[in-house]
Amino acid sequence: MQSLEELGKKAIAAKYKLQTLTEEEKNKALLCAAKGLQADCEKILAANAEDMRAGRENGMHAGLLDRLKLDEARIDAMADGLRQIAGLPDPVGNILDAWERPNGLKLQKISVPLGVIGIIYESRPNVTADAFALCFKAGNAVILKGGSDAIHSNMAITDSIRASLAKTNVTADAVQIVESTDREMAAQFMRCNDYIDVLIPRGSAGLIRAAVENSTIPIIETGTGNCHIYIDETADMTDSVNIVINAKTQRIGVCNACESLVIHEKVAAAFLPLLQKRLQEVHTVEIRGDEAVCHILPEAVRASEADYRTEYLDYILSAVTVKNIDEAIAHINRCSTRHSEAIMTKSRENAEKFTREIDSACVYVNASTRFTDGYEFGFGGEIGISTQKLHARGPMGLKELTSYKYVIAGNGQIR
């Protein structure tokens, strides 16, 4: 098992090699890695079965088990993600701006890789492939620190990718994984600023908070998803019910699932029974609501203030009624995690007001919050959903994994 210092030194050496790769060389390596993942499917599934067995024995929640599970279709999806990223334009070496000064100096602002990226993540082994592919296409080396619950899956995926890179004469150290599952190792990883240029934590609120509080490396903060859907008084009831069911129940263990409903009081009595009836056909979902919600739905549980701020990752949905769109916006801005919010409305005025005043990374009109995803945005994958405002916001694709430098050409100018 290699030390963090050894991993760091190898990553630094790798980043300088990766910066010299052509777009064609990077794409060739990505396509080879995609093919390798599918060829190694049985090995990866065997490793994942070991993680799943341990998860069940440890009483892992159903939503987290869903995140952890791999099958042939999910491995095919990982491979397809690598192919999609190979097909995207190279984000490195692009001239972002150019101008000439009165003294004759010619300046260019050019996109460059970030360097070495460290990623700490939990449960979802598909992140291993996504993180490698995006970092690699953007010319970066990456060191991965997955959770202990997915260690065998993550190592199997990383081993497959490293073997494919070697076949294309690309340094296998483009991607490395921290094999230790010791919690102290995670804390040490957050302080490897001598080797890592940017740290991206991806996971629970506790993990994000630990990174923010303890990291000595600049971080891009990915956030938890207390996502809201506001049912406006002009909303189409059928569309609203369909979208809430999709956003809540399609996958409960994801950050873009709907966790909270905000409902205009004029339509609550019509909307909530329709929703409850359809939910019973799909899956039992516990609704925790205010007094008005509980009056309309006697089986609902009275919500606490904490409920309106909770990312459940479970078959639980909070609900609150409001008098108008201003109250809806105020409630969402107060309780959300700045991830994804949606409005169901036929009013163009209300739609524009909602998108203008909601302070979240992604704001939807008449669509499910489940679309906050790198694949769905056409990025070929994502490194995470940033809920902060500096450098990157929302799904982070290739462009968000680059920085820039200035190239200045002169002909003897002195100052």
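Which residue forms a salt bridge with D66? I looked, and R251 is the partner, with the closest N and O atoms 3.1 Å apart.

**Ground rules.** I am working with a predicted model, where local features need pLDDT of at least 70, side-chain atom pairs count only at pLDDT 80 or more, and totals for chains, interfaces and linings use all residues. Residues are numbered from 1 along each chain as its sequence is written, and side-chain values use heavy atoms, with hydrogens and water left out.

**Entry 1: salt bridges.** I noted the rule to begin with: a salt bridge is a side-chain nitrogen of Lys or Arg within 4 Å of a carboxyl oxygen of Asp or Glu. By that rule the structure holds 21 salt bridges. Back to my opening pair: D66 lies in helix 4 (residues 62–68) and R251 in the loop between helix 10 and strand 8, so the pair ties together parts that are 185 residues apart in sequence. (Helices, H or I with at least four residues, and strands, E with at least two, are DSSP runs numbered from the N terminus.) D66 is partly exposed at 24% relative accessible area, and R251 is partly exposed at 22%. The scale I used: buried is under 20% relative accessible area, exposed is over 50%, and partly exposed is in between, with a 1.4 Å probe and protein chains only.

I also found D359 and R393 meeting in a salt bridge at 3.2 Å, N to O. This pair links distant parts of the chain, 34 residues apart. Then I saw that salt bridges with shared partners join D326, K353, R356 and E357 into one network.

**Entry 2: a buried charge.** What does D232 do without a salt bridge? I found D232 buried, with K266, the nearest side chain of opposite charge, 9.4 Å away. (Lys and Arg count as positive, Asp and Glu as negative; His and the chain ends are not counted.) D232 sits in the loop between strand 7 (227–231) and helix 10 (237–249). Its side chain has a polar contact of 2.8 Å with that of T234 and another of 2.7 Å with that of T345. A polar contact is a pair of N or O atoms within 3.5 Å; within protein, one must be able to donate a hydrogen and the other to accept it, and residues adjacent in sequence count only if both atoms are side-chain atoms.

**Entry 3: helix 13.** Which residues of helix 13 (residues 325–335) are buried? I listed I325, A328, I329, H331, I332 and C335. They cover an arc of only 165 degrees around the axis, which puts them on the same side of helix 13; the arc is that of the directions from the helix axis to the C-beta atoms. Among the elements covering them are strand 7, strand 12 (340–344) and helix 14 (348–357), where contact means heavy atoms within 4.5 Å. N324 caps the N-terminal end of helix 13, with a side-chain oxygen 3.1 Å from the backbone nitrogen of D326.

**Entry 4: aromatic rings.** Rings of Phe, Tyr and Trp (its six-membered ring) pair if their centres lie within 6.5 Å; planes under 30 degrees apart are stacked, over 60 edge-to-face, and the rest tilted. I get four aromatic pairs by this rule. Y230 and F354 are stacked, 6.3 Å centre to centre with 15 degrees between the planes. Y230 is in strand 7 and F354 in helix 14, 124 residues apart, and both are buried. Y404 and Y406 are edge-to-face, at 5.8 Å and 80 degrees. Ring pairs also link W99 with Y404 and Y406 into a cluster.
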